[in-house]
Amino acid sequence: MREMIHFSFSFLGSNNMSLRTAQIRLVSSHPEVYEPCDDSFALVDALLADRINLLEHRPMLCMEVGCGSGYVITSLALMLEQEVPWAHYIATDINPRAVEVTRKTLEAHGVCAELINTDIASGLEKRLAGLVDVMVVNPPYVPTPEDEVGREGIASAWAGGENGRSVIDKILPIADKLLSKTGWLYLVTLTTNDPSQICLQMREKGYAARIVVQRSTEEENLHIIKFWRDFDIQMEAKETVPVNKTAPVGVMDTLLSQVHRLSLWISGNNSSN
Amino acid sequence: MRLLTHNMLSSNIKGVTNGFPLRIEVEKAIEKQVDFNPDFLKNMFPKIDWKALLDASRTMGYAELPDETPDSSMLDSDEFLRKFHHALLELHLEEGALVCPETGRKFPVNKGIPNMLLHEDEV
Ligand SMILES: C[S@@+](CC[C@H](N)C(=O)[O-])C[C@H]1O[C@@H](n2cnc3c(N)ncnc32)[C@H](O)[C@@H]1O
C-alpha cells in the first residue's frame with residue numbers, strides 16, 4: 001500500500017484553473033526512456049506545493065537536468081505559464097531518445113523548452129553560469145555497481161553507482177555553478193543517497209535546504225529537497241574555510257551546529273522558503 | 001534551437017580553450033512566434049554576447065541587427081527590442097550543425113536538438 005507522509009493537497013485550492021500539469025496520456029514514450037513514475041510525480045507535487053513561491057520568484061530561466069519523458073519540465077512550464085509567461089526553459093538528457101520524447105511531450109501540451117542532448121550541462125557550463133533561476137533534477141539515484149552508471153539506454157535512467165550518489169555528486173557542483181544568486185534547486189533523493197549528507201555538502205557551498213515533499217512507496221523513501229542560497233550560510237561557509245585548516249576543534253563545532261540546524265529544518269521550523 | 005541557446009553553448013571538447021561561439025551550419029532554419037516581453041529582453045541583454053548573436057542571426061538569414069554592440073540606452077527603443085526579440089527567440093536552427101571554432105568538430109542539430117555528446121577520446 002502506498003502511504004503519503006507530510007503531504008497534503010490543501011495547496012491545490014478550490015478553483016484555480018492554472019494548476020495544470022502534464023497529462024499522462026499526452027506524455028510520449030519510448031522503450032528506452034524512463035516513464036513518469038512515483039519519483040517524477042513527487043517532484044511535480046513538490047513544484048506544485050511550492051508554486052506560490054515560484055510565482056513570486058519570477059524565474060527567467062528554468063532548467064531540468066535529465067528530462068526523460070519530459071513530464072516534469074512540461075508540468076513546470078504549464079504551472080507557470082499564466083503568471084510567468086516570459087520564463088524560458090532548458091532541458092538536457094544524456095539519452096538521445098529522451099530529448100526526442102521530451103520534444104514530443106512538450107509539443108503535445110503546447111509549451112516550449114530548449115532541448116540539448118548532453119551529459120548534465122556539458123557545453124553550457126561557461127556561458128550559462130549564474131543564470132539559472134530554477135533547476136529541477138530527478139537524477140538516476142538507485143544504488144548499482146559503478147560500471148552500470150551512464151551506460152546507453154534505459155539503465156542510465158536509474159543507475160546511480162555507489163549509494164546511488166555517482167551522478168548526484170557530479171550534478172551538485174554544476175548546479176552550484178549554473179544557479180543564479182537567487183537560484184533554487186529541487187532535487188529528488190532516496191534515503192539511501194544520504195540526503196542529510198547532501199544537505200551538509202550544499203551547506204558548505206552556502207545553501208539552505210528544506211524538504212518539500214517526503215513520500216514512502218513500497219520500494220523507496222523519497223525526499224524532494226529544495227536548496228537556495230542563503231546569505232548567512234554563505235558567510236558562515238566562507239568563515240569556516242580557514243577555521244577548518246587551522247583548528248580541528250572548530251570543525252567539530254561547526255558540524256555539530258550544522259547537524260543541529262539540519263534537524264531544525266527537518267522538523268519544519270525553517271519555512272521562509 | 002533558439003539563438004539564445006546558441007549564445008549559451010560552447011564546445012565542450014577536452015583541451016579546447018576557445019570553444020565559443022560555435023559556428024552555425026544551416027540546413028533548415030525556421031521561425032516560431034514568441035510573445036514579446038521587454039522585461040525578459042532587458043534582463044537578458046547584458047548576458048548576451050552581441051557578436052555571437054549578430055553573426056548567428058546573419059547566418060540564419062536575418063540581417064536587421066545593428067553591427068555595433070548596442071549600448072543599454074537602446075533598450076528603450078521598441079524597434080530595437082523587437083529585432084533583438086526576433087533574433088534571440090524566434091529564429092530556430094531546425095537542422096544543421098554547430099561547429100567547434102577550434103577543432104572543426106561538428107555537433108549535429110536534428111529536429112532542433114543539438115547533440116553535444118562527446119566521443120570517448122574527447123572527454
Ligand atoms: C530518474 S530519470 C527521470 C526522468 C524524468 N525527469 C522524470 O522525472 O520522469 C533520470 C533521467 O536522467 C537522465 N540522465 C542520466 N544520467 C545523465 C547525465 N549524466 N546527464 C543528463 N541526463 C542524465 C536519464 O537518461 C533519465 O532520463
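How many helices and strands does chain A have? Chain A has 8 helices and 8 strands, and everything shown here comes from a predicted model.

**View 1. Chain A as a whole.** Here's the overall picture before we zoom in. Of the 273 residues in chain A, 54% are buried. Take the contacts in chain A with a separation of 6 or more: 76% of them involve residues 24 or more positions apart.

**View 2. Helices α1(A) and α3(A) pack against each other.** This close-up pairs helix α1, residues 38-49 of chain A, with helix α3, residues 71-80 of chain A. Their axes sit 10 Å apart, and the packing angle is about 20°. Angles under 35 degrees count as roughly parallel, so α1(A) is roughly parallel to α3(A). The crossing of α1(A) with α3(A) is right-handed. On the α1(A) side, look for S40(A), F41(A), L43(A), V44(A), L47(A) and L48(A). Facing them from α3(A) are Y71(A), V72(A), S75(A), L76(A) and M79(A). Sorted by class, this contact between α1(A) and α3(A) has 9 nonpolar residues, 2 polar ones and no charged ones.

**View 3. Helix α3(A) also packs against α4(A).** Helix α4 covers residues 96-109 of chain A, and its axis lies 9 Å from that of α3(A). How are these two helices oriented, roughly parallel or roughly antiparallel? The angle between α3(A) and α4(A) is about 25°, and they are therefore roughly parallel to each other. The crossing of α3(A) and α4(A) is right-handed. By class, the contact of α3(A) with α4(A) splits into 3 nonpolar, 4 polar and no charged residues.

**View 4. The largest nonpolar core takes in residues of chains A and B.** This core has 113 residues. Which residues have the most contacts inside it? They are M63(A), L128(A), M135(A), L185(A) and F227(A), together with F84(B) from the other chain. Helix α3(A) turns up again here, giving the core its largest share, 8 residues. Zoom in on L128(A) and you'll find it touching L61(A), M63(A), I90(A) and L178(A), plus M8(B) from chain B, leaving aside residues up to four places away in sequence.

**View 5. A cis peptide bond in chain B.** The bond to look for joins F20(B) and P21(B). Omega for this cis peptide is about -10°. As for where it sits, P21(B) is in the loop that runs between α1 (3-8) and β1 (23-31) of chain B.

**View 6. R58(A), a positive phi without a glycine.** R58(A) has a phi of about 50°, positive even though the residue is not a glycine. Its place in chain A is the loop between α2 (51-57) and β2 (61-65). Is R58(A) buried or partly exposed? With a relative accessible area of 48%, R58(A) is partly exposed.

**View 7. D194(A), another non-glycine with a positive phi.** For D194(A), phi is about 60°, and this residue is not a glycine either. Look for D194(A) in the loop of chain A between β6 (179-190) and α6 (195-204). D194(A) has a relative accessible area of 36%, which makes this residue partly exposed.

Conventions
Residues are numbered from 1 along each chain as its sequence is written. Chains are lettered from A and ligands numbered from 1 in the order in which they are written. This is a predicted model: local features need pLDDT of at least 70, side-chain atom pairs count only at pLDDT 80 or more; totals for chains, interfaces and linings use all residues. Side-chain values use heavy atoms; hydrogens and water are left out. Axes are lines fitted to C-alpha atoms, for helices over the stretch in contact, and angles run from 0 to 180 degrees between N-to-C directions. Helices (H or I, at least four residues) and strands (E, at least two) are DSSP runs, numbered from the N terminus. Angles under 35 degrees count as roughly parallel, over 145 as roughly antiparallel, 65 to 115 as roughly perpendicular and the rest as oblique. A crossing is left-handed if the near helix is turned anticlockwise from the far one by less than a right angle, and right-handed if clockwise. Contact means heavy atoms within 4.5 Å. Ala, Val, Leu, Ile, Met, Phe, Trp, Tyr, Cys and Pro count as nonpolar, Asp, Glu, Lys and Arg as charged, and the others, Gly among them, as polar. A nonpolar core is a set of buried Ala, Val, Leu, Ile, Met, Phe, Trp, Tyr and Cys residues joined through side-chain atoms within 4.5 Å. Buried means under 20% relative accessible area, exposed over 50%, partly exposed in between (1.4 Å probe, protein chains only).
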